Amino acid sequence: MFDLLATTLSGDAVTEPAGQTETLDWQWRGEGILELSPRQPCQAAVVISAGIHGNETAPVELLNQLVSELLSGERLLRVRLLVLLGNPPSMRINKRFTGADMNRMFGGRHARYTPDNETRRAQELEQVMALFYRSATAAGTTERFHYDLHTAIRGSKHVRFGLLPLQTRAKSAAMLAWLDAAGLDALVHHRSPGGTFTHFSSEVFQADSCTLELGKALPFGSNDHTQFTGIRRALEALVSGEPLPAREAAAPLVHYRVVQDVIRSQDDFQLFIPADALNFTAFRQGFVIAKESGKTYRVAAEEEVVLFPNPNVALGLRAGLMLVKM
Ligand SMILES: O=C(O)CCC(=O)N[C@@H](CCC(=O)O)C(=O)O
Ligand SMILES: [Zn+2]
């Protein structure tokens, strides 16, 4: 049987780029890009991406398992599904990226960079997504979803969480119910675009989009998938058109909104978040988060929690987010 992950990692040319099972047709649309269509009419066009950062392996393994179940006939497909393994060259060397962070390039921002593996891939993924949603709409689907699966560099006080892109329209009730059922511990509401894949799909295609963070980045084969049972069950329900699973998390979902995007814009940028601080660690009002020539970032609210602190980003990119509870 066709193995999406093994085929993608091998880099070998695919000699049979299409196939079928009793209930679905599949097509290899390019390296790490697989489209699956049920023969029955369906309502939803779903994009699930993982490996946009090549060292974030847990979601890639989870997604590959889901695809295998669909291709073996063990699981029924009741949506049009586009599966994207985002950055195969980086996945092969277990690195976040080879040249630059692809998840800052979407929405055409790739054109601002010197062309490389990530700029070409970001453009390809934008085009593939456009074709997919367009053809799915022509085939009669009326709903669009995009879940982009990641893992965090640091450990987190909330192990499973989502990031909702900035959008002017209200978040769909269907997506919020799905995120709750998936057992996420927290949801972060963005206040700026950031060039992410989910902002692109939400803004350009009006998809219900969310970045999902599944634990901490570890090499292939080292992930504890028992932590992600809720997310796996919710993805299974989504692609098979089944009722949502019951939420299993002990505590209710906590909502945060971003109040500061900490941007590294100067060479002398210094970040004062301790290297061992977990994501969602709280800092009190007045704490100096970061400094660079002409700018000091301080905690302005009574308390703000930090997310993705990273002083080693390229100039102009975010070196962290500060959040408050909603
Ligand atoms: O742990 C980190 O510093 C980054 C983990 C990661 O890759 N997160 C995504 C979030 C995308 C979003 O904000 O929607 C990213 O930074 O690209
Ligand atoms: Zn990532």
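Helix 7 has twelve residues (229-240), which at 1.5 Å a residue should span 16 Å, and its end C-alpha atoms are 16 Å apart, in agreement. The expected span is 1.5 Å times one less than the number of residues. Helices (H or I, at least four residues) and strands (E, at least two) are DSSP runs, numbered from the N terminus.

This is a predicted model, in which local features need pLDDT of at least 70 and side-chain atom pairs count only at pLDDT 80 or more, while totals for chains, interfaces and linings use all residues. Residues are numbered from 1 along each chain as its sequence is written, and chains are lettered from A and ligands numbered from 1 in the order in which they are written.

Gly230, Ile231, Ala234, Leu235, Leu238 and Val239 are the buried residues of helix 7. They cover an arc of only 155 degrees around the axis, which puts them on the same side of helix 7; the arc is that of the directions from the helix axis to the C-beta atoms. A residue is buried if 20 or more other C-beta atoms lie within 10 Å of its own, exposed if 12 or fewer, and partly exposed in between, with C-beta atoms placed from the backbone.

The buried residues pack against helix 2 (58-72) and helix 5 (173-181), and against strands 4 (44-50), 5 (80-85), 7 (160-164) and 9 (208-216). Contact means that the C-beta atoms of two residues, placed from the backbone, lie within 7 Å. Just after helix 7, Gly241 has a positive phi of about 60 degrees.

The protein is divided into domain 1 (4-240) and domain 2 (258-325), with bounds from an automatic or database domain assignment. Between them, 16 residues of domain 1 are in contact with 13 residues of domain 2. The side of domain 1 that touches domain 2 has four nonpolar, seven polar and five charged residues. Here Ala, Val, Leu, Ile, Met, Phe, Trp, Tyr, Cys and Pro count as nonpolar, Asp, Glu, Lys and Arg as charged, and the others, Gly among them, as polar.

Ligand 1 is surrounded by 13 residues, and Phe308 is among the closest; near means a C-beta atom, placed from the backbone, within 6 Å. Phe308 is not a glycine, yet has a positive phi of about 55 degrees. Its loop joins strand 15 (303-307) and strand 16 (317-325). Phe308 counts as partly exposed because it has 18 C-beta neighbours inside 10 Å.
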